[in-house]
Amino acid sequence: MRKGLSTLLISLALSQSGLAQAASLQSFRATYSATLDGSVAISADAVRELKQLEDGSWIFNSSADAVLAKQHEESHFTYSDEQIRPLSYLYRREVLGKERRVELEFDWPRQRVKTTVEDKPWHMRIPGNTQDKLSYQLQLRKDLAAGRTELSYSVADGGLLSEYRFKVLGEERVTTPDGDYDAIKVERIRDESSGRTTHIWFAPALGYLIVKLYQTESDGREYGLLLNHLEQR
């Protein structure tokens, strides 16, 4: 269950320089039902929320609660010229009373990121387009809206620099408790040896918000997300 909750949320989707740019991101709060199919099927509730702060920057939160585990992620970032640039990232997971905490601080003038895991910090050089494990999901939405069909992101991933790759497979109609949506189906591209598959459905009518996610692990376990309710603000 611990791995499943982390994997599910990882696979899951700004300084204000003018009204047009501020309007291109819209605050929202979305709730999802999450199914984690391990040795025992587990249901969880997931919440994702985007909001703008008074200084024009943005906060993107993602959290999930299951019976024995809780997980929270938070990205603080700026937005300009259709590009999202993370400032900091927090990951916190609690399982049976044991907590794991990861913090990232981006130093863009020096193009470095500081990663702190359980009070142990280290630094890493990063390219100028690096994202964190939440902010890339918002950049992916922007790039899909721009018509891109093959997408790749450098992601600061727990002290490593990983490449997350995606491709558009086509369009499908998705039925959710919040309504029926025409969606763009996207696959995450992995090495053949991984044995894992991830498909995500983004709804253009909702600003390319994720309305569904389905993932299969190499051992056959399945995980899913489905939109329950959306509040756009």
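Reader: Which residues is His199 in contact with, once its neighbours within four places in sequence are left aside?

Author: In this predicted model, His199 is in contact with Leu169, Lys185, Val186, Glu187, Lys212, Leu213 and Tyr214 when those neighbours are set aside; His199 itself has its place in strand β12, residues 197–203.

Reader: Why does His199 count as buried?

Author: The relative accessibility of His199 is 17%, and buried means under 20%, so His199 falls within that class.

Reader: What makes the pair of Phe106 and Trp108 stacked?

Author: The ring centres of Phe106 and Trp108 lie 5.6 Å apart, where a pair needs centres within 6.5 Å, and their planes stand at 10 degrees, where stacked requires under 30 degrees; therefore the pair is called stacked. Phe106, at 10% relative accessibility, counts as buried, and Trp108 counts as buried at 11%.

Reader: How do you know that Tyr136 and Phe166 are stacked, and why is their pair said to tie parts together?

Author: Their rings are 6.0 Å centre to centre with 20 degrees between the planes, which meets the limits of 6.5 Å and 30 degrees. Because Tyr136 belongs to helix α3 (residues 135–145) and Phe166 to strand β10 (residues 160–176), the pair ties together parts that are 30 residues apart in sequence. Both Tyr136 and Phe166 are buried, and together with Tyr153 and Tyr164 they form one aromatic cluster.

Reader: What lies over the ring of Tyr164?

Author: The charged end of Arg188 sits there, 4.1 Å from the ring centre, which is inside the 6 Å limit for a charge over a ring.

Note on methods:
Residues numbered from 1 in each chain as written. Predicted model: local features only at pLDDT ≥ 70, side-chain atom pairs only at ≥ 80, totals over all residues. Heavy atoms only, no water. Helix = DSSP H or I, 4+ residues; strand = E, 2+ residues; numbered from the N terminus. Buried < 20%, exposed > 50% of the residue type's maximum accessible area, 1.4 Å probe, protein only. Contact = heavy atoms within 4.5 Å. Phe/Tyr/Trp six-rings, centres within 6.5 Å; stacked < 30°, edge-to-face > 60°. Lys NZ or Arg CZ within 6 Å of the ring centre and 35° of its normal.
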